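Welcome! Take a look at the structure below, and then let's walk through it together, topic by topic.

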Amino acid sequence: MKEENFWIQELQKQLRKNTKLLSRISVLNVQLYLFGSACVCRHPNDIDIVLLYSFYDCNPFDIIELKIDIIDFLYQKYKLNVDMVVLSIEEEKQAHFLHQENAQLIL
Amino acid sequence: MSLESRSLLREGIIFFQRAVKSHDMVTEVYIDDICYYKAIATIQRKCGMEDLKAYIADVYILTANDVAEVMERYPDIDCIVVISNWNQYTDLAKENAKMLGVGVFTLKQFLAALNYEGRKFLDTGIAKAVEEEY
């Protein structure tokens, strides 16, 4: 497996196994993107993720809870710090963070 | 969490403290709380201006959701100051914080905002608002 695909595939596999978490991701219509060193390295210092959501369709506290649960789940799996940027679609249109960081879609 | 996952470098806090303390309108800066990812500072100002409680953050980009999270945990703060190398916040973060009566600034903007109170304080860093209204 290519270095740049390793974490994408690994995260997809683990998140899909967790049906409760996957269901909440789906209900809230959230997308997760990987950026940073884990995109190109099999042994990164941490895992950088963008959680993209719709500001006008979601309760911010549902998103905060989901974020905490995803981070806890991934930390338990890999014992790596997970750095999560929570960005709304509306904010992404302004910041172009995904493009700037060359983020890759996980789910 | 994004607010907890980046390390707020101690050098960053020292730089913040020095820059703010040397401001003409400031008498003293107290760091009330400091940890790996954030600090809380109280800034005493001159000329009868109210003290400010600032949340100092080191994040890639401060978003509206980060503002909601900060305000849930620290409802008594007056502003959030981003001091990371990235120095970014979104317009939505600024707007939402403003609706809650909280300012969102880069350090450079915060140094300008220290001269003001009320709406002018909150609007510092919004180019249009400054041009049109002041």
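**Strands side by side in chain B**

In strand 4 of chain B, B:V81 is the residue that stands opposite B:I56. This is a predicted model, in which local features need pLDDT of at least 70 and side-chain atom pairs count only at pLDDT 80 or more, while totals for chains, interfaces and linings use all residues. Residues are numbered from 1 along each chain as its sequence is written, chains are lettered from A and ligands numbered from 1 in the order in which they are written, and side-chain values use heavy atoms, leaving out hydrogens and water.

Two strands pair if DSSP finds at least two bridges between them.

**Strand 3 of chain B and its partners**

- Strand 3 of chain B pairs with strand 4 (residues 79-82) of chain B in the parallel sense, over four bridges.
- With strand 2 (residues 38-45) of chain B, strand 3 of chain B pairs in the antiparallel sense over six bridges.
- Here B:A39 stands opposite B:I56.
- Strands 2 and 3 of chain B form a hairpin with six residues between them, and B:C47 in the turn has a positive phi of about 60°.
- Why is strand 3 (residues 52-57) of chain B largely enclosed by the rest of the structure? Five of its six residues are buried (under 20% relative accessible area; exposed is over 50%, partly exposed in between, with a 1.4 Å probe and protein chains only).

**Where chain B meets chain A**

- 20 residues of chain B are in contact with 25 residues of chain A (heavy atoms within 4.5 Å).
- The count between chain B and chain A is one salt bridge (a side-chain nitrogen of Lys or Arg within 4 Å of a carboxyl oxygen of Asp or Glu).
- A:K67 forms a salt bridge with B:E69, with the closest N and O atoms 2.4 Å apart.
- Helix 1 (2-5), helix 3 and helix 4 (91-99) of chain B each supply at least two residues of the side of chain B that touches chain A.
- Helix 3 of chain B gives the largest share of that side, six residues.

**The sheet of chain A**

- Four strands of chain A form an open sheet in the order 3-2-1-4, with mixed pairing.
- Strand 3 (81-88) and strand 4 (104-105) of chain A stand at the edges, each with a single partner strand, so one side of each is left without a neighbour in the sheet.
- Strand 1 (residues 31-35) and strand 2 (residues 46-53) of chain A pair in the antiparallel sense over five bridges.
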